[in-house]
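I opened my notebook to look up how two parts of one protein meet. Here is what I looked at.

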Amino acid sequence: MSNFDVVVIGAGPGGYVAAIRCAQLGLKTACIDRWIGKSGKPSVGGTCLNVGCIPSKALLDSSERYEELKIHAADHGISSGPVSIDVEKMLARKDKIVSELTDGISALFKSNQIAFFPGHGCLVEAGVVRVSSDDRTEEILKAKHVILASGSTPVQLPGMAVDNQTIFDSAGALEFSTVPKKLGIIGAGVIGLELGSVWRRLGAEVVILEAMDSLLGTADPMIAREAKKQFSRQGLDIRLGCKVTQVESTKDGCTIRYLDNENSETIDVERLIVAVGRRPCTDGLLGPNCGVALDHKGAVPVDAHCATAVSGVWALGDVVQGPMLAHKASEEGIAVAERIAIGGGHIDHSTIPWVIYTHPEIAWVGATEDELKSQGTDYAVGMFPFAASGRAKAVGATEGFVKILACRDSDRILGAHMIGSQVSELINEAVLAMSMEASAEDLARTVHAHPTLAEVVHEAALASHGRAIHKVNR
Ligand code: FAD
Ligand code: NAD
C-alpha cells in the first residue's frame with residue numbers, strides 16, 4: 001500500500017495536467033492510466049494525444065498539403081510532377097508526433113516526481129483506490145484526495161458493431177492503410193467533418209449521413225449554413241435528416257439503409273465511420289461502496305467546483321457534463337489542483353472556445369444570436385468578411401467571415417463566431433477579450449498588425465458600431 005496526497009485516475013489532458021499542477025503545488029501525487037499505445041507499452045496523454053486532437057490534426061495537415069499541391073499550387077505558378085500520397089508514410093509521421101508528445105508527458109511526470117501506475121483504477125471508497133494491472137497484480141493506493149479523470153469513449157449504434165475492418169470508430173479511422181474509394185460516415189458532427197475532410201482530400205468519395213435537419217446544431221446558424229455551402233462545394237456529400245436503419249456487410253464493404261425524410265434509400269460504401277458522439281467512460285471506475293453514483297447521462301455528477309458528493313473525491317473533463325474538449329478538461333484540472341492545494345481555483349466556463357479544424361476552420365466562443373434572443377438581451381452585430389482583407393487575398397483564403405456580438409447597453413462582447421482560415425488562432429483574441437470583460441470598443445481601439453487575418457476581427461468589432469473601414473456601403 002502506498003500513501004499520496006492526491007491520486008488521479010486517467011492521464012488524459014484533464015488528469016495529467018491536474019497531476020502536474022498538484023505536484024507543482026507540493027502535493028505527493030500519483031496518476032493511474034490503463035492506455036496501451038501502438039508500441040504495446042503503457043501510454044499517457046489519453047484520447048487527446050493517442051487517438052484524438054493530435055493525430056487527427058496531423059492527418060488534417062498532411063491532407064491539406066496534398067490538396068494544396070494538387071489543386072491550388074498552380075494558382076501561384078507552381079508546377080510539379082504528378083502528386084501522390086504515401087499513406088503509410090503519412091501514418092508514420094502521425095505516430096511519431098504522438099509518441100514524441102506522449103513521451104514528453106512521461107518525462108514531465110518524472111521531472112515533477114509524479115508516480116505513474118499503469119493499470120485500471122477503481123475508487124473503492126473515499127481516499128482508497130485499487131490499481132489492477134494486466135498481469136493481474138493489484139495495488140492499493142491511499143490518498144487524501146482522488147481525482148476522477150477517466151474521459152470518454154465513442155457512442156456505438158445498435159446493429160453496427162465497430163470491427164475496425166469495415167465499420168470504424170474515430171480511432172480506427174485514423175489508421176486507414178489505404179484511401180477508401182467510397183467512405184460513409186454516420187454523424188456530421190466535429191469528428192465526421194474533420195475526418196471526412198481528411199479522406200475526401202486524399203481522394204475518397206465521402207457521404208455523411210446526419211440525423212438532424214441542420215448541420216452543427218450548437219454553432220451560430222449563419223456559420224453552419226456557410227460551412228455546409230463550403231463543404232458541399234469541396235465535394236463532401238452531406239445528407240441531412242437521415243435516419244440509418246440498417247448496415248449489412250457485403251463482399252466489398254457494407255450497404256447502409258436509411259430513411260431520408262421517410263424515403264428509403266441505400267448506399268454501398270467500402271468503409272463506414274460511426275461518429276455519433278462520445279459518452280463518459282466509467283466502466284469499473286466506481287466500486288459499489290465508493291458513494292459516487294452516475295447521473296442519467298452516465299456522467300459523474302459534480303458541483304461548479306468539480307467536487308463530487310463525496311468529500312475528497314473530484315471529477316473533471318469528459319467524464320463530467322459539459323463540452324468534451326481537451327482545453328476544458330485541462331483548465332478544470334488546474335482549477336481542481338489549486339482548490340486542493342490552496343483552497344481556491346477558477347475556470348470561466350462561459351468562455352470555453354470551440355474549434356472545428358476543417359477548411360475553412362470554424363470557431364466560436366460565448367453566446368449565439370439565438371441564445372441572446374431567447375435571453376431577451378439587446379445586442380449589436382458586427383460582421384466582416386475575409387474577402388475584404390488584404391492578407392486573406394494574399395494567402396488565397398477569402399472564404400468566410402467574423403461576427404462579433406456585443407451588448408447594446410454596455411458594449412461588452414457576448415460572443416464571437418468565425419469561419420475562415422486560421423480562425424483556430426483568431427478565436428483566442430476573442431476569448432481573451434471576453435475573459436477580460438472587454439467591450440467591442442476595446443477591441444476596435446486595439447492596434448492590429450497589418451497585413452494579418454486578425455484585422456478581420458478588428459473590422460468586425462468596428463462594424464458592431466457601424467464604422468468598419470473597408471466595408472462597402474450599399
Ligand atoms: P481522456 O483524454 O479520454 O483521458 C482519459 C484517460 O483515462 C484515458 O487515457 C483512459 O485510458 C484513462 N482511463 C479511463 N478509465 C480508467 C480507469 N478506470 N483506470 C485507469 N485509466 C482509465 N478536443 C479538443 O479540444 N480539440 C480537438 O481538436 C479535439 N479533437 C478530437 C479528435 C478526436 C478524433 C477525438 C476522439 C476527440 C477529440 N477531442 C478534441 C476531444 C478530446 O480528445 C477530449 O475532450 C479530451 O481528451 C478529454 O480529456 P480527458 O482527460 O477528460 O479524457
Ligand atoms: P458530435 O456530438 O460532435 O456529433 C455527432 C453527430 O452525430 C451529431 O450531429 C448528431 O446529430 C449525429 N447523430 C447522432 N446519432 C445519429 C444517428 N443515429 N444517425 C445519424 N446521425 C446521428 O460527436 P462526434 O463528432 O462523435 O465527436 C464527439 C466529441 O468529441 C465532440 O462533441 C467533441 O466534444 C469532441 N471532439 C472535438 C473536436 C474539436 O474540438 N475539434 C474534434 C473531434 C471531437
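My entries on the domains and their interface follow.

I note that this is a predicted model, where local features need pLDDT of at least 70, side-chain atom pairs count only at pLDDT 80 or more, and totals for chains, interfaces and linings use all residues. Residues are numbered from 1 along each chain as its sequence is written, and side-chain values use heavy atoms, with hydrogens and water left out.

**Domains.** I looked up the domain bounds, which come from an automatic or database assignment. Domain 1 covers 2–154 + 279–347, domain 2 covers 167–276 and domain 3 covers 354–463. The C-alpha centres of domains 1 and 2 lie 28 Å apart.

**Contact.** I counted 19 residues of domain 1 in contact with 16 of domain 2 (heavy atoms within 4.5 Å).

**Buried area.** This is the accessible area (1.4 Å probe) that two parts lose on being put together, summed over both. For domains 1 and 2 I found about 1,400 Å², with 65% of it on carbon and sulfur atoms. Leu60, Glu67 and Val87 supply 27% of the area domain 1 buries here, more than any other three residues.

**Salt bridges.** I searched for a side-chain nitrogen of Lys or Arg within 4 Å of a carboxyl oxygen of Asp or Glu. The rule finds 4 across this interface. I also looked up Lys57 and Glu194, whose side chains form a salt bridge at 2.8 Å, N to O.

**Helices.** These are DSSP runs (H or I, at least four residues), numbered from the N terminus. Helix 3 (53–72) and helix 4 (87–111) each give at least two residues to the side of domain 1 that touches domain 2. Helix 3 gives the largest share, 9 residues.

Technical notes: Chains lettered and ligands numbered in written order.
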